[in-house]
Amino acid sequence: MTKNYHIVMHTHWDREWYFTVDDSDVFLINHMIEVIEFLEKNKDITYMLDGQYILVEDFLNEALEYKDRLYKLIEDRQILIGPWYTQTDLILPNQESIVRNLYYGIKKSKKIANNPLMIAYCPDTFGHNIQMPQIYKMFGIDYTVFWRGVSKQLTNCGLFKWEGLDGSETKAVLLPAGYQGGKYLPKDLASLNKRLEDIENKYDNYKIEDYLIMNGHDQMPIQKDIKEVKKNIEKIRKNSKVNISNLEEYCKKLDFKKASLVKDDLNHCEFTRVHRTIDTTRPDIKSLVFEIERLIYNILEPLELIAYKNNLYYPSKFIENNLLKLFEAHSHDSMGSCNSDSTNKDIKDSLEKIQRRVLCQIELTKRLISKNDYDKLNLINTLAYKRKNEKVKAEILTQSPNFKLVDKEGKEYNYKINSQVLADMAKVNRQILAKRKKVFHYKTDIEFYLDEIDGLEIKSIDILEEKAEIKRVRNSELFDEVIDKIITKEFISFYSLGDDGDSYDSSPIKNDKLGKIYFKIDEKKVVDNKVILSYKANLPYNKSERENRKKSINQKIKVQIMDEGSFLDLNIDIENKAINHQVFINFKFNTIIKNVFCDTQFGFVKRENNYKLLDIWKEEGWVEKPVNAHKYQSFVNVNKRISIVNNSCKTFYYEKNHLSIPILRSYDFLGKSDLENRPGRASGMSVESPYGELIGKKLSHHFYIYKSDEKTNDSSKAKKILSPIQAYQAQKYNTFNLNQKSYPMDKSLNINLDERLTVSCTKLSEDKKYIFIRGFNSSEDKIEFYDKEGFYLSDVYENKNSELIYKLNIKQNEIINILKEII
């Protein structure tokens, strides 16, 4: 039987890892020059640039004189670029980030040549979420080629159809020998034959008849003698066809007629590590990523859309630039934080800069909308839904300590003062200091309930400086009930657990003599609708102390529980004092946990513990223990009774009537060998990581808790909690002064969509003609979408369908893109 061998020349270019992006940039110059010179002499060879466009930018930023030669090779398809902007992680980032990563990667690639690589090439990604088939379908991508995440428990064949939650399918192509199976191929026949046998055995094991020889590796130089190697393969494998090919040609020859169907996340770890607990590494960095995503997608983009309706500039390039910088931190190693300390420091510094820029832009836009109306409080709903009876928090600056809030109909709003201080304006505005003036205003933090506000509406309330009756806001029934359970029945508790893992994985300490160490309530204080609790525990400082039953550290956790009416806000602060451990928040329920639902990218799923895999993994020689570390995006629903929302942690565990979420993990090495949960070689590099210990690091998490039932739409509820109504009062004294616009700033978009359509993004279209909204059906039934707003269906590239939507049936977990003319 004739066998086919396809040699694909490529590189896998980690931009940062155990080295920094500065190191990578320098070596990329040399690499790309060699690739260009080699391909110009070998017109019949195609080279794949790792499926990520950013390498083109990195190279040309340093060697612009090569632009024409590089573009010529791309136009001739000797160098294949795209479809990704960066080789993103596919488990942790926000759904919108994954879509935009593909969007910008394809858009930028097409500007060079209109035929980028349209295969979802994911050579080293640490697992794949179940909604990727639907995302790929939106972009017209039919194939995904990947290495990590499959086991024989999922499929016996490396060619399979992978189905998303809505029924969308992608043809999935496994790389059984990895993206590096054909790295540094030897020319001598004996060594080459041995390498071929290894590749053939791995492909035969997964029933793939055509052999793919991936001739590349991490930062591997191009193999210039590849044609000689090809001739030697032909000598060894007589009567076989050997081609120096590319992924497109390879995929076209594959037969999927008898392919199996997989309906699951691809996160198994039989022959490849997926690092199921990597999301607990460097929570300080990951929480920054998640907060920036929230700020951009939930606040900034819809806010700028409203501002554009009021004739203000829409900062599309600013948003794009910050997203692209953010996507650099989404690369699988970068997002995993499994890097050297210096690299993680660079990533965190970059993220903090992005966050500052985004917050500053939000502040600027609110100021421009508010003009110089110092006596008005502007309320802005950045969601495309009507909202009712929601709590609003605001900061009010007045000359008098007393004021009223009155709307244009004359309705007065009762509010609660959380704090009031006399603020020195010279600390805000330098001119006051320069003139040696003394200007003090009362800065008052308040909260009140807003009866109603339309989607994407600006609503103004007058601030009248006169004495008002301040009414105490009564605690909700939920607050009183949960506080009682927290204090008397330990509904919420904390514990520390020993951890001998590294930057890739948590893993138990083999000789841990202490096990779980629970914190106890040390102090409690109740003030109005806020409870302050202090927890403490004596902990071992490190692994050695755990092994010797020693506890030398006093660790504290501070918890503030605030009543937000329809939910509770648990603000948790911890300053880490120990290493080689994890700290968990633990929720204890009255009954056994039978059903756990949570969200994933563009959908919601039921999570179940897979005990079968835990029984077989050692016997079958899996490379990593398939721990039941379940992933979520923003909420976890337990037994359709209690829901927990969070935006800084993405993993939970459950057993019997307990659900635990890790809030801190301290490790001391980038990579370690022979872990309890991950036998064998070290992942990455075996170097020390003092920054990974997080000693003295202060971490803060918010968990939002509410009662739920069969009718609760948790996706919509979580979206509201993480997109609070924006409240802003124009300030007389600021760091920067502005020339105010002369025209009114009171135009709203007033779009009120069905709340079951959870909105992923609301923004101005790229051509600045339309409101663009992407959402998905987060209910358990199909939605009959009757449009009264004048929407058109759109594709993911924001191209408008010719006819208006009148009625649209949206399946459960189905994504839709819609446009509306902005008038």
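How much area do domain 1 and domain 4 bury between them, and what percentage of it lies on carbon and sulfur atoms? In this predicted model, the two domains bury about 2,100 Å² between them, with 58% of that area on carbon and sulfur atoms.

**View 1. Domains along the protein chain.** The domain assignment divides the chain into domain 1 (4–274), domain 2 (281–371), domain 3 (378–471), domain 4 (477–722) and domain 5 (750–822). The centres of domain 1 and domain 4, taken over C-alpha atoms, are separated by 36 Å, and their contact draws on 27 residues from domain 1 and 30 residues from domain 4.

**View 2. Polar and charged pairs between domain 1 and domain 4.** Across this interface, 16 residue pairs are in polar contact, and the count of salt bridges between the two domains is 1. Helix α4 (residues 95–112) gives the most to the side of domain 1 that touches domain 4, contributing 4 residues.

**View 3. The salt bridge of R607 and D265.** R607 forms a salt bridge with D265, in which the closest N and O atoms are 2.8 Å apart.

**View 4. An open sheet of 4 strands.** The strands follow the order β13-β16-β11-β32, and their pairing is antiparallel. Because β13 (404–407) and β32 (726–729) stand at the edges with a single partner strand each, one side of each is left without a neighbour in the sheet. From one strand to the next, the twist averages 30°.

**View 5. Strands β11 and β32 with helix α12.** Strand β11 (residues 376–380) is joined to the antiparallel β32 by 4 bridges, and N378 stands opposite Y728 in β32. Helix α12 (residues 341–370) packs on the sheet, where the helix touches β11, β16 (458–464) and β32, and its direction makes about 60° with that of β32.

Terms used. Residues numbered from 1 in each chain as written. Predicted model: local features only at pLDDT ≥ 70, side-chain atom pairs only at ≥ 80, totals over all residues. Heavy atoms only, no water. Pairing = 2+ DSSP bridges. Helix = DSSP H or I, 4+ residues; strand = E, 2+ residues; numbered from the N terminus. Axes fitted to C-alpha atoms, helices over the stretch in contact; angles between N-to-C directions. Contact = heavy atoms within 4.5 Å. Domains from an automatic or database assignment. Buried area = accessible area lost by both parts, 1.4 Å probe. Salt bridge = Lys/Arg side-chain N within 4 Å of Asp/Glu carboxyl O. Polar contact = N/O pair within 3.5 Å; in protein donor to acceptor, adjacent residues only side chain to side chain.
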